[in-house]
Amino acid sequence: MVTPAQRTMSIAPDRSEAPWPGYEYVRGWGVFGLPFDTGHLLALRVFPQNPFAPYATVWHRDPTGRWSLYVDGPRLDTACPRYYGDTFDHVAHVRITLTWIGPWTLRITLDEPGLEWTVVASQTAMLRLCNAIGAAAPLWTWRPRLLISAREALARGLGMGRLRLATEMPSGHHGILMPERMFYVDRSHAVLDGVDFGRATRLTTNPELGGVPLPARGVMVVGQGMWQIADRAEYERTRAETAISY
């Protein structure tokens, strides 16, 4: 069995263009949502492949509903703010360190604010079957609405709630999130500036950011996403600018 550590570390940085003409994309992995019983929520995005430059981000929602985004990458406008716009209440550049301390255990740390976050991934027999099918599915199967709806229904059956894989982002980009492999995250420990987040939990309704639903339970995902290019001139200009520093 290939472990999450092996899957994620095999994704080499690359700034090529999307497989579909007229689209921009990201490819990588992350913890796409992890709620805690104290009301805190964390998420991780690691996208070594996209048209601009590799980046990683950590998202934090506190119990009051305030969202913070921490970006380790050269520019904010080529990371998550590109698609989520100004939906975050606080955005900052940080140093994010990712360390696999075992084949199924990941440690995430931030320098400022001080975050120590450990997640333990797992895979059931059902997830193993879904992952085998998802990894083998051709890219064209992400175009028909019927097949996307079937995947969303499968996500509900796996306890992730009502996700929308094809949706419009707060920025206006319309596109598709394409998970290929999924792993549950039911065990986690996180401390942010001395505050312990408690135990990972499963919510009855999906948390949302800018109208985009996140998983109702902790899940690590390997896959990609593609969005239609909203402004061709801006896209080409940003490609050229980021090529200089890549």
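Reader: What should I know before I start?

Author: Residues are numbered from 1 along each chain as its sequence is written, and side-chain values use heavy atoms, with hydrogens and water left out. As the model is predicted, local features need pLDDT of at least 70 and side-chain atom pairs count only at pLDDT 80 or more, while totals for chains, interfaces and linings use all residues.

Reader: How many helices and strands are there in the protein chain?

Author: Helices (H or I, at least four residues) and strands (E, at least two) are DSSP runs, numbered from the N terminus. Here the protein chain has 5 helices and 14 strands.

Reader: Which residues of α3 are buried?

Author: Buried means under 20% relative accessible area and exposed over 50%, with partly exposed in between (1.4 Å probe, protein chains only). In α3, the buried ones are Leu127, Cys130 and Asn131. They lie on the same side of α3 because they cover an arc of only 105° around the axis, the arc being that of the directions from the helix axis to the C-beta atoms. Ala125, Ile133 and Ala136 are exposed on the other side of α3.

Reader: What covers the buried residues of α3?

Author: Their cover includes β8 (115–122), α4 (145–157) and β10 (174–192).

Reader: And how much of the protein chain is buried?

Author: Of its 246 residues, 52% count as buried. The C-alpha atoms of the protein chain fill a box of roughly 45 × 40 × 35 Å, taken along the principal axes.

Note on methods. Contact means heavy atoms within 4.5 Å.
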